[in-house]
Amino acid sequence: MRVTQNLMFRSSVESLQSKYQDMRQIQEESLTGNRLNRPSDDPASLFRHLVFSSELSEVQSLKRTTDFASQRLALGEANIDAIHENLLQAQDLTLQYGNSFIGGDPGIMKAASTNALAYYQEIMKNVNQQMDGVPVFGGGRTTDPFD
């Protein structure tokens, strides 16, 4: 076989291009820190990575959802406890003024009504409590469920 100048040039260019591709791939790996940068680099490894990362994101999403639900339940329980306390105080107020003779004294009636109004407002504040813009006791509503 005869070796021509054209054959040697073509062989040299192909060799240079091959080495350049190898060098570019090594530089890309060192810059990104990833062994795989394209799906064609290792399809099986990429598939495993996609499966594991999707499962991990599902677990993280489930954890966020359960944490949020747990926070809503804790807030709901605290509000129910506060409502219960206010109702007990209102009951005491009713028993206190219901069993005594106040004789229609406007000062006593005004004080009793002020206390009752304060209990009512506190109860309404607790039943309309919101978490992230959604009422705790509102179900799917986005507005305050009680007025």
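What share of the 147 residues in the protein is buried? Here are a few friendly notes on that and on what else the model shows.

1. **Ground rules.** This is a predicted model, in which local features need pLDDT of at least 70, side-chain atom pairs count only at pLDDT 80 or more, and totals for chains, interfaces and linings use all residues. Residues are numbered from 1 along each chain as its sequence is written, and side-chain values use heavy atoms, with hydrogens and water left out.

2. **Burial.** To take up the opening question, buried residues make up 12% of the 147 in the protein. Buried here means under 20% relative accessible area, exposed means over 50%, and partly exposed lies in between (1.4 Å probe, protein chains only).

3. **Overall layout.** The protein has three helices and two strands, in the order α-α-α-β-β from the N terminus. Helices (H or I, at least four residues) and strands (E, at least two) are DSSP runs, numbered from the N terminus. The radius of gyration is 37 Å, well over the 15 Å that the globule rule gives for 147 residues, so the protein is more spread out than a compact globule. That radius is taken over C-alpha atoms, and the globule rule is 2.2 Å times the number of residues to the power 0.38. Along its principal axes, the C-alpha trace spans about 130 × 25 × 25 Å.

4. **Helix 2 against helix 3.** The axes of helix 2 and helix 3 (residues 106-127) come within 9 Å and cross at roughly 165°. That makes the two helices roughly antiparallel. Axes are lines fitted to C-alpha atoms, for helices over the stretch in contact, and angles run from 0 to 180 degrees between N-to-C directions; under 35 degrees counts as roughly parallel, over 145 as roughly antiparallel, 65 to 115 as roughly perpendicular and the rest as oblique.

5. **Asn79.** You will find Asn79 in helix 2 (residues 43-98). Is Asn79 buried or exposed? Asn79 has a relative accessible area of 5%, so this residue is buried. Leaving aside residues up to four places away in sequence, Asn79 touches Asn126, Gln129 and Phe137, where contact means heavy atoms within 4.5 Å.

6. **Tyr97.** Tyr97 also sits in helix 2. Its relative accessibility is 24%, so Tyr97 counts as partly exposed. Tyr97 and Val3 are 94 residues apart in sequence, and their C-alpha atoms are 118 Å apart in space.
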